[in-house]
Amino acid sequence: MQLKTSNQSVLQKIAPFIGLFLIMTIITILNPDFLSVSNLMNVLRQVSINALIAFGMTFVILTGGIDLSVGSTLALTGAVTAGLMASGVDPIFAMLLGLLLGAILGAINGIIIAKGKVAPFIATLATMTIYRGLTLVYTDGRPISGLGDSLTFQMLGKGYFLGVPIPVVTMIISFAILYFILKKTTFGRRVYAVGGNEEASILSGINADRIKIYVYSLLGLLAAVASLILTSRLNSAQPTAGEMFELDAIAAVVLGGTSLTGGRGWIVGTLIGALIIGVLNNGLNLIGVTSFFQQVVKGAVILLAVLLDRKKTT
Amino acid sequence: MIKMTDISKSFSGNQVLKNVHFTLEKGEIHALMGENGAGKSTLMKVMSGIYTRDSGTVEVKGEKVNFTSPKQAEKAGIAVIHQELNILPHLSISDNLFLGREETYGRTGILKNKQMEKKTRQILLDLGLDINPTDPASSLSVGKQQIVEIAKALSVDAEVIIMDEPTAALTDREIDSLFKTIRELQKRGVSFIYISHRMEEIFSLCDRITILRDGEFVGERRISETSFDEVVQLMVGRELGERYPERKSTIGDIKLSVKDLKRTGCFENVSFELRKGEVLSIAGLMGAGRTEVAQSLFGYKKLDGGIIEFDGKKVKIDTPKKAKEMGIGYVTEDRKSEGLVVDFSVEENVSMTNYEAISKNGLISKDKERKLYDSMVQRLGIRTSGPDQAAKSLSGGNQQKVVIAKWLGIEPELLILDEPTRGVDVGAKKEIYSIINELAERGVAILMISSELPEVLGMADRVLVMHEGKITADIPKHEMTQERIMHFATGGGKLAVEDQ
Ligand SMILES: Nc1ncnc2c1ncn2[C@@H]1O[C@H](COP(=O)(O)OP(=O)(O)OP(=O)(O)O)[C@@H](O)[C@H]1O
Ligand SMILES: [Mg+2]
């Protein structure tokens, strides 16, 4: 817990944990079923897709950027992978191509932002539309199914490892790797540096453009991982997949205490943030809140968290 | 006017002020001196309500006060010009000047822009600055932005003006007009608290002086009854000796040779040679193009023409990364925006230029990082509460040392220093000079941009003088005089006469 790069107070760091704990307590009181092992596994599995994207989003936001196109990236990579598989390409090869495509789509964002000097919000707003459009063109607006019965592919979304859903295992492994990268590597440090003061970073001999391209590529790659999980779960690729996913991911990052202006934050917070959102989704269902009203509650929680965060920093 | 007694303040257990007292009389100019980190800025921030004190009392005009925000202090007639500039770069100069107290038609909120612009123009003219009030603040040099800050304080009709190192970024001429304004206002009964590390200034401007050391009050003197030596002695607690330490370097082969460098609108026809072990200074007024030359040599700004030879080989330096790999270091002019990641710890800032050295296969070695930090803190005498202290909470002078520390780690062959001792105390200045000497003695070529003429005279083997983007003189050590440099810095004959 001494990730000093973020220079946040201890209180600020434990706040998301307290929030998660409070929400879980309230939900448990209202419906004790929440705490059952099977339900908790369920929550984790539901969380995994958003968490994977939010991890990547943390990197992007730490550099002072934002990516609105992740949902579309997810849809396009899912569709292309599914398309390849449906047309008989070796599933493993198809999945690798899907991952590569995700990274490329991310890199395109990064290049537009770094080299073209376009504001991240605008650049990814545009690519969000483009990638979604390409998905619709590619799928002709229809779901792609008939993906064969490759065990690896099926396991990805539906399998278990020692009783833990594979998506959750994927999430945990990704988290461990990314946590390590942010904390221990020069790349991680450079991500914080570029977000903290881009000019000073460049003048210190850091290639800020390259760092930016890398973080968007990383996010694209993670979105592709998420898309494989989703496609496997549904056994089909939906052209409308991933809509609004960017907002959940950004919300998780912000709930975790990472600053939208860049340079400050940590990925542990993002994991907790994603859990808060997942627990809310699941818990509100359990206690019988209607899906329309759930949105109101979710929004209010995010707002409350950010307001509390403000209080502490000033 | 103001009386502060027994002021104490600590930050997370680190006591920064210990029972300090300070009095300011009406109409006096009172200097506050002390080494970097002595607590001068902190004391002023306590006075103006930015920090809350742990104990002690503050009285303004005999009444106890408890400011909790700078706004309240301002209402009580106390204006502060902080060490770190507070300019919004995208707003116009006049918008900056009237920020937060814009003049409007009644309560409609509609701005009287013309009127504010006119006032801005007048206030700035009084300070000797002839600029268009509608220009964006970012178009001004750091020095001119500083003047805008000063104008801001002047325009609220404050009774007490606190200036925290106002002249650190000003040229001699700007300083002259500032002093004129200060004396003018003093006659009208305004009091000043003036923080500076420049002894000459303090002795020519101030009436009294209070000295802090390590957060403690060590003395108060009338300027007329004290001396440079006594003040330095009080500040550092020991004799300091010679201000510019001796250098025993042998000047070697040509390290860098540039020919006809040109950057449209900034400078042109810039040619010079710099040898190993040589300290070459570039003098000139603010805006003469010195920093741009440095930035272009470092690959940060594009050149529009010219040839650079490094070690006799023609090179193209198009990114700072490349410059660094060639062994060029660049201690930037503006530490807050170009030098530091202020949210980073001191250690992380020092590491920024040294990732290759402290890592293996992209993994940062905590041990190596700490070793680098330790050695730099020791070598430069940086005062921190520990490696994890945030750079933004360091005193100004110590921040400057951190920026220098960043570049010592790469063992540069050519080190460019842009105003290396700005805002640095006498003791630390000497330490920085010693470091420059040590580097030169090891054969490092030094290019030092400086607006402080005594420093140029004391340190440089040779000085290039720039005026409006051109080199107007190249003067060797034995021919250097302050007058000569100023003469060429102002573009030759005409201004040297005007100045008299
Ligand atoms: N917000 C803060 N948090 C922690 N420490 C601080 C903070 N502000 C100042 N300090 C510490 O207090 C000490 C005094 O700092 P201060 O800025 O008052 O020095 P100064 O006398 O103005 O120095 P300089 O001449 O370099 O500007 C320094 O050691 C600094 O690191
Ligand atoms: Mg200070």
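**The interface of chain A and chain B**

A: In this predicted model, chain A and chain B bury about 2400 Å² between them, with carbon and sulfur atoms giving 55% of that area. The contact itself involves 24 residues of chain A and 34 residues of chain B. Across this interface the rule finds 3 salt bridges, and A:R189 forms a salt bridge with B:E369, in which the closest N and O atoms are 2.7 Å apart.

Turning to chain B, the unreviewed UniProt entry carries the annotation "domain: ABC transporter" for residues 2-239 and 251-493. Over residues 2-239 of chain B the chain is 33% helix and 26% strand, with the end C-alpha atoms 32 Å apart. Within chain B there is also a salt bridge between B:E333 and B:R422, whose closest N and O atoms lie 3.7 Å apart. This pair links distant parts of the chain, since B:E333 sits in the loop between β16 (328-331) and α11 (335-339), while B:R422 sits in the loop between β19 (414-418) and α16 (426-441), 89 residues apart. Over all chains, the structure holds 41 salt bridges.

For chain A, the unreviewed UniProt entry lists several spans as "transmembrane region", among them residues 14-35, 92-114 and 213-230. Residues 14-35 of chain A are 77% helix and 0% strand, and their end C-alpha atoms lie 22 Å apart, whereas residues 92-114 of chain A are 100% helix and 0% strand, with end C-alpha atoms 33 Å apart.

Helix α4 (residues 91-114) of chain A packs with helix α10 (residues 208-234) of chain A at an angle of about 145°, their axes being 7 Å apart, and the crossing of α4(A) and α10(A) is right-handed. On the α4(A) side the contact is made by residues including A:G98, A:G102, A:A103, A:G106 and A:G110, and on the α10(A) side by residues including A:I213, A:Y216, A:G220, A:A224 and A:L228. Taken together, the residues of this contact of α4(A) with α10(A) divide into 13 nonpolar, 7 polar and 2 charged.

Note on methods:
Residues are numbered from 1 along each chain as its sequence is written. Chains are lettered from A and ligands numbered from 1 in the order in which they are written. This is a predicted model: local features need pLDDT of at least 70, side-chain atom pairs count only at pLDDT 80 or more; totals for chains, interfaces and linings use all residues. Side-chain values use heavy atoms; hydrogens and water are left out. Axes are lines fitted to C-alpha atoms, for helices over the stretch in contact, and angles run from 0 to 180 degrees between N-to-C directions. Helices (H or I, at least four residues) and strands (E, at least two) are DSSP runs, numbered from the N terminus. A crossing is left-handed if the near helix is turned anticlockwise from the far one by less than a right angle, and right-handed if clockwise. Contact means heavy atoms within 4.5 Å. Ala, Val, Leu, Ile, Met, Phe, Trp, Tyr, Cys and Pro count as nonpolar, Asp, Glu, Lys and Arg as charged, and the others, Gly among them, as polar. UniProt positions are given in the numbering used here, feature names are shortened, and annotations may be inferred rather than shown by experiment. Buried area is the accessible area (1.4 Å probe) that two parts lose on being put together, summed over both. A salt bridge is a side-chain nitrogen of Lys or Arg within 4 Å of a carboxyl oxygen of Asp or Glu.
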